[in-house]
Amino acid sequence: MDLASGFFALSVYSITIFPTIDYIRTKLMVQKYFEVLNLFGQYKHFALSTHLNPDGDALGSELAIYSVLKELDKRVHIFNSDPTPDNYHFLPFRQHIKPPSEVRKVYSNFSPEVLVVLDAGSLSRIGDKLARQLQPTEFIVNIDHHQTSVPFGDINIIETQASSTSEIVYRIIQSSGLEIGKERAICLYTGLMFDTGCFRYSNSTSTAHKMAADLIEEGVSVDEVYRHVYDTVPKIRLHLLGDVLQTLETSSDGKIAWLKVTQKTLRKNGCDFSQLEGFVNYIRSIDSVEVAIIAGELENGFTKFSLRSKNRVDVGRICGLYGGGGHQKAAGCLIEKPIDEALAQLTDATQLQIDEY
Ligand code: 5GP
Ligand code: MN
């Protein structure tokens with residue numbers, strides 16, 4: 001036996017006798033998909049929800065699950081704490097999303113056995129009040145991909161390697177034997193495109209690209225989805241961006257950059273918080289920057305932060321120190337302090353992490 005065939009025999013041996021970690025992980029994942037699909041078959045009433053200030057992945061994954069349950073002839077209600085931003089109004093089924101103010105009325109003759117929570121790292125991410133209101137009678141199913149995710153469900157499908165929650169939902173639908181179909185494909189592609197930063201971030205894996213190819217074959221028009229999500233901004237958002245960029249500051253080593261958004265600035269431009277989406281990416285692009293931060297003043301005395309890391313700094317860990325979380329490269333948290341004080345605290349914590357590297 002020559003050297004090459006010896007290696008070949010060895011590698012075949014190791015695959016058959018010692019299944020790889022990936023193989024075991026895939027097996028376990030698929031088992032969980034079937035547990036969830038069994039619940040979908042077994043019960044009749046479902047509530048769905050996703051995280052505060054829902055984004056493309058939150059909405060895309062939620063609406064795809066909604067359509068699966070409807071196809072299975074279930075009674076389903078979607079409740080989100082925050083409204084759907086205008087640029088997602090093109091999504092199929094989005095007209096079925098209801099605000100929390102309708103929970104009481106709906107629940108007067110509807111009692112869900114199962115609550116499915118999508119793209120939320122903890123139950124409180126759907127909003128504390130809504131989480132209390134939506135308590136199901138039997139099961140909470142948690143489907144998420146955040147690194148800082150906690151297993152709050154009775155069934156938890158947490159896949160931190162997945163590019164997006166939409167990617168997990170895509171695999172669940174594939175396991176179900178149902179067709180993906182054009183409408184669900186639009187929802188799932190929107191989630192995938194959003195969470196991979198239009199296939200620019202490191203989570204744009206080959207799996208993500210293969211999924212995109214499949215969804216395109218289902219009929220997704222990629223330029224149309226992109227146009228809805230990114231090319232439909234109102235003029236006031238650009239005026240707001242102009243004002244917010246004026247607040248740019250950097251740390252003395254240039255590795256941290258931050259922006260500050262006060263209620264006064266939002267009011268002046270006639271904007272709300274949802275229009276800040278993506279602003280933080282502008283300052284991450286500065287050559288010296290490792291971590292970009294945007295701080296937003298809320299009306300209730302809290303400051304809301306979005307952090308982005310360019311390389312190795314783990315912003316999920318930094319936000320975790322303040323009860324928030326997310327991913328290594330994109331995370332957020334809330335600090336109950338006035339904006340300047342909260343910002344000083346967070347930039348100090350970030351500098352400590354940077355100095356560790
Ligand atoms: P963004 O900065 O775009 O709001 O969020 C970036 C990532 O961090 C998203 O995956 C989002 O779900 C997560 N994230 C944002 N804010 C919070 C928070 O307050 N708590 C937790 N656990 N995750 C957050
Ligand atoms: Mn996501």
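Student: Does Ala330 count as buried or exposed, and how many C-beta neighbours does Ala330 have inside 10 Å?

Tutor: A residue is buried if 20 or more other C-beta atoms lie within 10 Å of its own, exposed if 12 or fewer, and partly exposed in between, with C-beta atoms placed from the backbone. Ala330 has 22 C-beta neighbours inside 10 Å, so Ala330 counts as buried. One caution before we go on: this is a predicted model, in which local features need pLDDT of at least 70 and side-chain atom pairs count only at pLDDT 80 or more, while totals for chains, interfaces and linings use all residues. Residues are numbered from 1 along each chain as its sequence is written, while chains are lettered from A and ligands numbered from 1 in the order in which they are written.

Student: Which strand holds Ala330, and which residues is Ala330 in contact with?

Tutor: Ala330 sits in strand β12; helices (H or I, at least four residues) and strands (E, at least two) are DSSP runs numbered from the N terminus. Contact means that two C-beta atoms, placed from the backbone, lie within 7 Å. Setting aside neighbours within four places in sequence, Ala330 is in contact with Arg308 and Val315. Val315 is 15 residues from Ala330 in sequence, yet their C-alpha atoms are 6.4 Å apart.

Student: What does β12 supply to the shell around ligand 1?

Tutor: β12 gives 5 residues, the largest share of that shell. β11 (325-326) and β12 (330-335) each supply at least two of the shell residues. A residue is near a molecule if its C-beta atom, placed from the backbone, lies within 6 Å of it. There are 16 residues around ligand 1, and Ser306, Gly324, Gly325, Gly326 and Gly332 come nearest.

Student: How do the shell residues divide by type, and which domains do they come from?

Tutor: They divide into 4 nonpolar, 11 polar and 1 charged. Here Ala, Val, Leu, Ile, Met, Phe, Trp, Tyr, Cys and Pro count as nonpolar, Asp, Glu, Lys and Arg as charged, and the others, Gly among them, as polar. Both domain 1 and domain 2 give at least three residues each to the shell.

Student: Where do the two domains run, and how many residues are in contact between them?

Tutor: Domain bounds come from an automatic or database domain assignment, which here gives domain 1 as 3-230 and domain 2 as 236-356. Their centres, taken over C-alpha atoms, are 27 Å apart. At the meeting place, 7 residues of domain 1 are in contact with 9 of domain 2. The domain 1 side has 2 nonpolar, 5 polar and no charged residues.

Student: What should I look for in the largest nonpolar core?

Tutor: In soluble globular proteins, nonpolar side chains tend to be buried together. A nonpolar core is a set of buried Ala, Val, Leu, Ile, Met, Phe, Trp, Tyr and Cys residues joined through C-beta atoms within 7 Å. The largest one has 57 residues, and Leu48, Ile65, Val116, Val169, Leu188 and Tyr189 touch the most other members. A second, separate core of 32 residues includes Leu259, Val261, Ile318 and Cys333. Back at Leu188, residues up to four places away in sequence aside, the ones touched are Gly60, Ala64, Ser166, Val169, Tyr170 and Leu215.

Student: How do α6 and α7 cross?

Tutor: Two packed helices are described by the angle between their axes and the distance between the axes. Axes are lines fitted to C-alpha atoms, for helices over the stretch in contact, and angles run from 0 to 180 degrees between N-to-C directions. For α6 (residues 165-176) and α7 (residues 181-195), the axes come within 7 Å and cross at roughly 145°. Among the residues that meet are Val169 and Tyr170 in α6, with Leu188 and Leu192 in α7. This contact divides into 5 nonpolar, 3 polar and 2 charged residues.

Student: What about backbone angles: what is phi near at Asp73 and at Phe93?

Tutor: Most residues other than glycine have a negative phi. Asp73 has a positive phi near 70°, and phi of Phe93 is also positive, near 70°. Asp73 lies in the loop between α3 (56-71) and β2 (75-79), while Phe93 is in the loop between β2 and β3 (97-98). Asp73 is exposed because it has 7 C-beta neighbours inside 10 Å, whereas Phe93 is buried because 20 other C-beta atoms lie within 10 Å.
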